[in-house]
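Reader: Could you take me through the pockets of this model, one at a time? I would enjoy a close look at what surrounds them.

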Amino acid sequence: MDKLCEKVWFDGQFVDWDDATIHVSAHVIHYGSGVFEGIRAYNVDGKANVFRLDEHNRRLHDSAKIYRMDIPFSIDETREAMIETIRVNEFDECYIRPVVFRNAGPMGVYPAKNPVSMFIMVWKWGKYLGPEALEQGVDMAISSWTRNAPNTTPAFAKCSANYASGALIKMDAIANGYSEGIALDVNGLVAEGSGENLFVIRDGVIHTPPIGNSILGGITRDSIITLAREEGIEVRETAMPREFLYIADEIFGVGTAAEVTPIRSLDKIKIGSGKRGPVTAKLQKKYLDVVQGRIADKWGWRTVVEPAAVAGRR
């Protein structure tokens, strides 16, 4: 496969890309026992600025705790490891993927005796749904697949196993000619996309599914709620039936990969004017201005990665 970066951080050491491997007997391969994060670093004045690094790092540790995995590194150590991985690979922008997982050990479902490992990889990743999606919007459909019910596998944890559901949703959508699918929860209420939280605008009010509707508590979601309220836009966490989406004035999806993507149609029903609406455009611009450093970071959301020479490293 193509080499995405030169060095991967693996259990406290940097290894070459080709050597960053795990054994076929690793528990995570057989039983999905891994948690991870997806984080973006943007180029601001020639330096990588990691967006909401501390919140992502904390969620990584929270997800591991839910699955009773003791990460063999402190929260400060994993934070520094993510920064150093960017620095070692000399990226001024990238996507960061830390993964904590159950490694090779006793075979069987019970994982407690399998050692916990961690790796961090980085790579250049463009617009998740295509560069034109941010302006033109995308066509989505309600998926035939339902999100996991509460008290089955925890949606609040960003677990590798949960993304088997996301993959089914995504494949279902693409097979039927759509860019992405939206899943309902076990009660038939709106949950999320395969990798995006949802915002629905009706009569100037923004609605978004609450945590209890089998969604990941997205960090981009939290950022958009903060920015919207600062703009004086009312945001409500609302349990929504699917038909509420059809009569929306605007809908957009958000995530670290998807950023802020308008949804122009759902199940071949035009949403609003069928293009990016004014509220979506305002919040998309504000979000991109923040992450790309065009406005001051009054929230403390950007972590600047100094190059190795400035940081005093060879």
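Author: Nine nonpolar, five polar and two charged residues make up the lining of the second largest pocket in this predicted model. Those 16 residues include His27, Tyr31, Ser33, Tyr67 and Pro111, which lie nearest the centre of the pocket. Its volume is about 280 Å³.

Now for the largest pocket, where the volume is about 560 Å³. Here 35 residues form the lining, and the ones closest to the centre are Lys158, Tyr163, Ser194, Gly195 and Glu196. Sorted by class, the lining of the largest pocket holds 15 polar, 13 nonpolar and seven charged residues. Several elements take part: α2 (53-66), β6 (94-102), α5 (162-175), β10 (190-193), α6 and β14 (250-255) each give at least two residues to this lining. Helix α5 has the largest share, with five residues.

On the α6 side, the contact involves Thr220, Ser223, Ile224, Leu227, Ala228 and Glu230, which meet Leu283, Lys286, Tyr287 and Val290 of α8. By class, the residues of this contact are six nonpolar, two polar and two charged.

Conventions: Residues are numbered from 1 along each chain as its sequence is written. This is a predicted model: local features need pLDDT of at least 70, side-chain atom pairs count only at pLDDT 80 or more; totals for chains, interfaces and linings use all residues. Side-chain values use heavy atoms; hydrogens and water are left out. Contact means heavy atoms within 4.5 Å. Helices (H or I, at least four residues) and strands (E, at least two) are DSSP runs, numbered from the N terminus. Ala, Val, Leu, Ile, Met, Phe, Trp, Tyr, Cys and Pro count as nonpolar, Asp, Glu, Lys and Arg as charged, and the others, Gly among them, as polar. On a 1 Å grid over the protein atoms alone, a cavity is a set of points where a 1.4 Å probe fits but cannot get out, and a pocket is an open set with protein on both sides within 12 Å along at least five of seven lines; lining residues have an atom within 4 Å of a point. Grid points are joined across faces, edges and corners, and a volume is the space filled by probe spheres set on the points.
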